[in-house]
Amino acid sequence: MGTRKVAAVRVEQVTEPVAYHGEGPVWSGVWGGLRWLDMLAGDVLSLAPDGTVARRHVGTVAAAIRPRRGGGAVMGIERGFALEDADGKLTALDPLWGAEERLRMNEGGCDPDGRFYCGSMAYDVRHGAGSLYRLDPDGSTTTVLTSVTISNGLEWSPDESRAYYVDTATGRIDAFDYDREGGLSGRRAFAAVPDGPDGLTVDAEGGVWVAQYGGGSVRRYTPDGTLDEVIGLPVTKATACAFGGPGLGRLFITTSREHLGPSEEPRAGAVFACTPGVTGMPAREFAG
């Protein structure tokens with residue numbers, strides 16, 4: 001695929017600015033479409049076919065969400081993980097750290113083997129205070145990475161051999177090799193990203209799409225790390241992106257109004273969408 005002109009991709013606003021810090025969009029047939037997070041409100045939002053938005057409070061923080069294979073969802077909440085059953089019952093698992101540590105979960109995703117990851121950060125954004133944790137289907141947890149500052153996007157390549165990961169403070173996307181037994185290994189820089197790389201997704205061609213928290217856009221990088229496209233938004237703080245809709249041909253983008261004044265950027269906090277000409281991959285599911 002060659003580089004496409006930015007002007008050819010039209011961005012539409014699909015919700016009102018319903019979130020203070022919108023994050024983590026995921027499209028899944030398990031729950032009938034798009035869910036995303038008002039992270040610091042601790043709410044999971046869902047978009048109905050008629051455009052209305054439903055909101056469910058799940059805790060102090062709603063950090064990340066993915067579907068479960070048997071129905072329901074797995075979530076990252078303030079200090080660990082939670083499981084939602086198919087009937088909606090929510091169970092918080094044991095916290096991974098004490099409240100006195102002033103850390104919170106921030107973002108995550110599922111690997112090709114059905115394990116769920118979520119990474120932490122300090123409330124005061126202390127350098128290296130966070131970690132990346134993995135929840136296995138049997139309920140056990142493993143610390144995968146340490147010395148993380150703002151753990152963000154995590155997704156796998158279409159052939160499942162490579163994972164992409166963002167620690168926003170590094171200003172780049174990193175790549176890992178992946179296999180079930182060895183997990184994530186061989187960390188190396190994949191692409192330098194200006195203006196605060198945040199959440200990311202991967203399309204069916206292996207392109208990596210990353211939201212720019214300070215840059216008001218989403219960038220696509222080819223599998224060799226070359227910048228291929230920039231999609232501009234009418235607000236500054238793009239937080240994450242995910243493919244969904246019919247044939248997974250729509251790219252949904254969440255935004256934030258964190259640290260903005262009441263009269264600044266009135267559309268910040270809305271969900272936007274575009275049709276970029278490539279399709280995504282189905283959301284990976286938690287096997288537990």
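Analyst: First, the terms: on a 1 Å grid over the protein atoms alone, a pocket is an open set of points with protein on both sides within 12 Å along at least five of seven lines, a cavity is a set where a 1.4 Å probe fits but cannot get out, and lining residues have an atom within 4 Å of a point. Volume is the space filled by probe spheres set on the points, with points joined across faces, edges and corners. This is a predicted model, so local features need pLDDT of at least 70 and side-chain atom pairs pLDDT 80 or more, while totals for chains, interfaces and linings use all residues. Numbering starts from 1 along each chain as its sequence is written, and side-chain values use heavy atoms, with hydrogens and water left out.

Let's start with the open one. The largest pocket comes out at about 280 Å³. It has 16 lining residues, and Arg104, Met121, Ile150, Tyr213 and Glu258 sit closest to its centre. Strands E10 and E11 (116-122) are the elements that each give two or more residues to this lining; strands here are DSSP runs of E, at least two residues long, numbered from the N terminus. By type, the pocket lining splits into seven nonpolar, five polar and four charged residues.

The structure has one cavity of 30 Å³ or more, and the largest cavity has a volume of about 270 Å³. Here 25 residues do the lining, with Pro25, Arg66, Glu155, Thr201 and Ala242 closest to the centre. Strands E2 (22-28), E10 (103-110), E14 (151-156), E18 (197-202) and E22 (238-244) each contribute two or more. The cavity lining is 14 nonpolar, seven polar and four charged (Asp, Glu, Lys and Arg are charged; Ala, Val, Leu, Ile, Met, Phe, Trp, Tyr, Cys and Pro nonpolar; the others, Gly among them, polar).

Take Glu155, in strand E14. Glu155 is buried at 12% relative accessible area (buried is under 20%, with a 1.4 Å probe and protein chains only). Its side chain makes a polar contact with that of Arg284 at 3.0 Å, meaning N or O atoms within 3.5 Å, one able to donate a hydrogen and the other to accept it, with sequence neighbours counted only for side-chain atom pairs. In the loop between E13 (141-148) and E14 you'll find Thr149. Thr149 is buried too, at 4%, and its side chain has a polar contact with the side chain of His127 at 3.2 Å.

Five bridges hold E6 and E7 (73-77) together, and Arg66 is opposite Val74 in E7.

Back at E2, five antiparallel bridges tie that strand to E3, including Ser28 with Gly33. Their hairpin has four residues between the strands, and Gly32 has a positive phi near 80 degrees. In E3 (33-38), six of the six residues are buried, so this strand is largely enclosed by the rest of the structure. E3 also pairs antiparallel with E4 (43-47) over four bridges, Leu37 and Val44 being one of the partner pairs. That hairpin also has four residues between its strands, with Gly42 at a positive phi near 75 degrees.

Definitions and conventions: Pairing = 2+ DSSP bridges. Buried < 20%, exposed > 50% of the residue type's maximum accessible area, 1.4 Å probe, protein only.
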